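Here are some notes for a first look at the ligand and its surroundings. Please keep the structure open as you read.

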Amino acid sequence: MIITLTGFMGCGKSSVGRRLSKLLYCSFVDLDDYIVERAGKSVADIFTEVGEKGFRIFECQCLRELLESHVEGDFVIALGGGAVTTPECARLIREHAVCVYLTASEQTLQKRLSGDTKRPLLQGESLEDRIHRLMEQRAGIYASVADFSVATDELTPMGVAHEIFKVIN
Ligand code: S3P
(Lines give C-alpha, C1' and ligand atoms only; values in the text may rest on other atoms or scores of the structure.)
Protein backbone atom coordinates (compact mmCIF):
# COMPACT_ATOMS: atom_id res chain seq x y z
CA MET A 1 0.00 0.00 0.00
CA ILE A 2 1.23 3.51 -0.79
CA ILE A 3 0.28 6.00 1.93
CA THR A 4 0.52 9.68 1.02
CA LEU A 5 0.28 12.50 3.56
CA THR A 6 -1.22 15.81 2.53
CA GLY A 7 -2.08 19.05 4.31
CA PHE A 8 -0.91 22.61 4.68
CA MET A 9 2.76 23.55 5.14
CA GLY A 10 3.61 22.99 8.80
CA CYS A 11 0.97 20.32 9.45
CA GLY A 12 3.74 17.77 10.09
CA LYS A 13 3.70 15.63 6.92
CA SER A 14 7.45 14.92 6.96
CA SER A 15 7.88 14.22 10.68
CA VAL A 16 4.72 12.09 10.80
CA GLY A 17 5.67 10.27 7.58
CA ARG A 18 9.08 9.32 8.95
CA ARG A 19 7.52 7.94 12.13
CA LEU A 20 4.71 6.14 10.30
CA SER A 21 7.26 4.40 8.06
CA LYS A 22 9.03 3.14 11.22
CA LEU A 23 5.75 1.70 12.54
CA LEU A 24 5.17 0.01 9.17
CA TYR A 25 8.82 -1.07 8.68
CA CYS A 26 8.75 0.46 5.21
CA SER A 27 10.42 3.12 3.07
CA PHE A 28 9.68 6.80 3.40
CA VAL A 29 10.27 9.59 0.89
CA ASP A 30 9.63 13.28 1.34
CA LEU A 31 8.50 14.58 -2.07
CA ASP A 32 10.21 17.96 -1.56
CA ASP A 33 13.52 16.24 -0.72
CA TYR A 34 13.17 14.07 -3.83
CA ILE A 35 12.49 17.18 -5.95
CA VAL A 36 15.56 18.96 -4.52
CA GLU A 37 17.73 15.92 -5.18
CA ARG A 38 16.44 15.46 -8.75
CA ALA A 39 16.74 19.16 -9.59
CA GLY A 40 20.04 19.72 -7.79
CA LYS A 41 18.63 22.95 -6.35
CA SER A 42 16.41 24.16 -3.55
CA VAL A 43 12.62 24.56 -3.79
CA ALA A 44 13.11 28.35 -3.44
CA ASP A 45 15.58 28.37 -6.36
CA ILE A 46 13.18 26.35 -8.53
CA PHE A 47 10.41 28.87 -7.77
CA THR A 48 12.74 31.75 -8.67
CA GLU A 49 13.82 30.16 -11.93
CA VAL A 50 10.61 28.68 -13.31
CA GLY A 51 7.88 30.09 -11.06
CA GLU A 52 5.19 28.18 -9.21
CA LYS A 53 3.78 26.82 -12.48
CA GLY A 54 7.11 25.28 -13.47
CA PHE A 55 7.57 23.89 -9.96
CA ARG A 56 4.14 22.21 -10.11
CA ILE A 57 4.95 20.51 -13.42
CA PHE A 58 8.22 19.16 -12.02
CA GLU A 59 6.56 18.20 -8.73
CA CYS A 60 3.99 16.13 -10.61
CA GLN A 61 6.69 14.43 -12.69
CA CYS A 62 8.59 13.56 -9.49
CA LEU A 63 5.45 12.20 -7.82
CA ARG A 64 4.78 10.00 -10.86
CA GLU A 65 8.35 8.64 -10.67
CA LEU A 66 7.96 7.81 -6.98
CA LEU A 67 4.62 6.07 -7.50
CA GLU A 68 6.05 4.08 -10.41
CA SER A 69 9.11 3.10 -8.34
CA HIS A 70 6.94 1.27 -5.82
CA VAL A 71 7.07 -2.49 -6.26
CA GLU A 72 5.49 -4.16 -3.23
CA GLY A 73 4.79 -3.71 0.46
CA ASP A 74 4.10 -0.38 2.11
CA PHE A 75 5.59 2.95 1.09
CA VAL A 76 4.99 6.32 2.79
CA ILE A 77 5.24 9.59 0.85
CA ALA A 78 5.01 13.04 2.47
CA LEU A 79 3.63 15.29 -0.28
CA GLY A 80 4.37 18.99 -0.56
CA GLY A 81 1.51 21.15 0.73
CA GLY A 82 0.46 22.24 -2.75
CA ALA A 83 0.86 18.97 -4.64
CA VAL A 84 -2.83 18.03 -4.56
CA THR A 85 -3.77 21.40 -6.12
CA THR A 86 -2.45 20.08 -9.44
CA PRO A 87 -5.33 18.04 -10.89
CA GLU A 88 -2.99 15.45 -12.42
CA CYS A 89 -1.28 14.90 -9.05
CA ALA A 90 -4.66 14.53 -7.35
CA ARG A 91 -5.66 11.99 -9.99
CA LEU A 92 -2.44 9.97 -9.55
CA ILE A 93 -2.90 9.93 -5.77
CA ARG A 94 -6.55 8.85 -5.99
CA GLU A 95 -5.63 6.09 -8.41
CA HIS A 96 -2.50 4.69 -6.75
CA ALA A 97 -2.48 5.59 -3.06
CA VAL A 98 -4.30 6.04 0.19
CA CYS A 99 -4.24 9.72 1.15
CA VAL A 100 -4.32 11.08 4.70
CA TYR A 101 -5.07 14.76 5.35
CA LEU A 102 -3.24 16.12 8.39
CA THR A 103 -5.32 19.06 9.61
CA ALA A 104 -4.22 21.94 11.84
CA SER A 105 -5.95 25.18 12.81
CA GLU A 106 -4.67 28.44 11.33
CA GLN A 107 -3.39 29.44 14.80
CA THR A 108 -1.41 26.21 15.12
CA LEU A 109 0.03 26.70 11.62
CA GLN A 110 1.00 30.27 12.43
CA LYS A 111 2.91 29.10 15.51
CA ARG A 112 4.67 26.32 13.64
CA LEU A 113 5.53 28.43 10.59
CA SER A 114 6.57 31.71 12.19
CA GLY A 115 10.11 32.62 11.21
CA ASP A 116 10.09 30.34 8.16
CA THR A 117 12.41 31.63 5.46
CA LYS A 118 12.51 28.63 3.14
CA ARG A 119 8.99 28.35 1.78
CA PRO A 120 8.48 30.74 -1.15
CA LEU A 121 4.70 30.94 -0.75
CA LEU A 122 5.00 32.23 2.83
CA GLN A 123 7.33 35.15 2.20
CA GLY A 124 6.16 38.74 1.76
CA GLU A 125 2.80 39.81 3.22
CA SER A 126 1.84 38.84 6.78
CA LEU A 127 2.04 35.14 7.59
CA GLU A 128 -1.47 35.21 9.02
CA ASP A 129 -2.93 36.54 5.75
CA ARG A 130 -0.96 34.11 3.60
CA ILE A 131 -2.09 31.11 5.61
CA HIS A 132 -5.70 32.31 5.62
CA ARG A 133 -5.83 32.98 1.89
CA LEU A 134 -4.17 29.70 0.89
CA MET A 135 -6.26 27.68 3.34
CA GLU A 136 -9.43 29.17 1.86
CA GLN A 137 -8.33 27.96 -1.57
CA ARG A 138 -7.07 24.58 -0.44
CA ALA A 139 -9.07 23.16 2.47
CA GLY A 140 -11.74 21.74 0.14
CA ILE A 141 -9.13 20.21 -2.17
CA TYR A 142 -7.29 18.48 0.69
CA ALA A 143 -10.53 17.04 1.98
CA SER A 144 -11.68 15.89 -1.45
CA VAL A 145 -8.46 14.01 -2.24
CA ALA A 146 -8.03 12.44 1.21
CA ASP A 147 -9.50 9.12 2.30
CA PHE A 148 -9.50 10.28 5.93
CA SER A 149 -8.05 13.02 8.09
CA VAL A 150 -6.25 13.31 11.43
CA ALA A 151 -6.25 16.51 13.52
CA THR A 152 -2.65 17.26 14.52
CA ASP A 153 -3.14 20.27 16.84
CA GLU A 154 -3.02 18.34 20.11
CA LEU A 155 -0.86 15.41 19.06
CA THR A 156 2.86 14.74 18.74
CA PRO A 157 4.11 13.49 15.35
CA MET A 158 4.29 9.96 16.83
CA GLY A 159 0.73 10.33 18.14
CA VAL A 160 -0.47 11.25 14.64
CA ALA A 161 1.46 8.33 13.15
CA HIS A 162 -0.24 5.95 15.61
CA GLU A 163 -3.68 7.31 14.65
CA ILE A 164 -2.96 6.63 10.97
CA PHE A 165 -1.53 3.20 11.80
CA LYS A 166 -4.75 2.27 13.63
CA VAL A 167 -6.92 3.24 10.66
CA ILE A 168 -4.93 1.48 7.94
CA ASN A 169 -4.18 -1.72 9.84
C1 S3P B 1 4.29 24.22 -0.90
C2 S3P B 1 4.69 23.45 0.16
C3 S3P B 1 6.09 23.07 0.37
C4 S3P B 1 6.84 23.03 -0.96
C5 S3P B 1 6.68 24.33 -1.68
C6 S3P B 1 5.21 24.66 -1.98
C7 S3P B 1 2.86 24.61 -1.01
O8 S3P B 1 6.16 21.78 1.00
O9 S3P B 1 6.43 21.97 -1.75
O10 S3P B 1 7.26 25.35 -0.89
O11 S3P B 1 2.44 25.06 -2.10
O12 S3P B 1 2.11 24.44 0.00
P13 S3P B 1 5.78 21.54 2.57
O14 S3P B 1 4.30 21.43 2.67
O15 S3P B 1 6.46 20.25 2.89
O16 S3P B 1 6.32 22.70 3.33
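1. Start with a term. Helices here are DSSP runs of H or I with at least four residues, numbered from the N terminus. With that in hand, α3 gives the most to the lining of the largest pocket: six residues. Keep in mind that this is a predicted model.

2. Now the pocket itself. The largest pocket holds about 660 Å³ of space. Its lining has 32 residues, and Met9, Asp32, Val43, Gly80 and Arg119 are the closest to its centre. Elements that give two or more residues to this lining are α1 (13–24), α2 (31–39) and α3. By type, the lining of the largest pocket splits into 13 nonpolar, eight polar and 11 charged residues.

3. Where is the ligand? The space it takes is the largest pocket. Around the ligand are 13 residues, and Lys13, Asp32, Arg56, Arg119 and Arg138 come nearest. This shell divides into five nonpolar, three polar and five charged residues.

4. Which helix gives the most to the shell around the ligand? The answer is α3 (residues 43–69), with three residues.

5. Look next at single contacts. In the side chain of Arg56, an N or O atom is 2.6 Å from an oxygen atom of the ligand. A backbone N or O atom of Gly81 is 2.8 Å from a ligand oxygen atom, and for Gly82 the distance is 3.2 Å. Taken alone, the ligand exposes 380 Å², and the protein buries 95% of that.

Terms used:
Residues numbered from 1 in each chain as written. Predicted model: local features only at pLDDT ≥ 70, side-chain atom pairs only at ≥ 80, totals over all residues. Heavy atoms only, no water. Near = heavy atom within 4 Å. Polar contact = N/O pair within 3.5 Å; in protein donor to acceptor, adjacent residues only side chain to side chain. Areas by Shrake-Rupley, 256 points an atom, 1.4 Å probe, with all protein chains shown as cover. 1 Å grid on protein atoms, 1.4 Å probe; cavity = no way out; pocket = protein on both sides within 12 Å on 5 of 7 lines; lining within 4 Å. Sits in = over half its atoms within 2 Å of the grid points. Nonpolar A, V, L, I, M, F, W, Y, C, P; charged D, E, K, R; others polar. Points joined across faces, edges and corners; volume = space filled by probe spheres on them.
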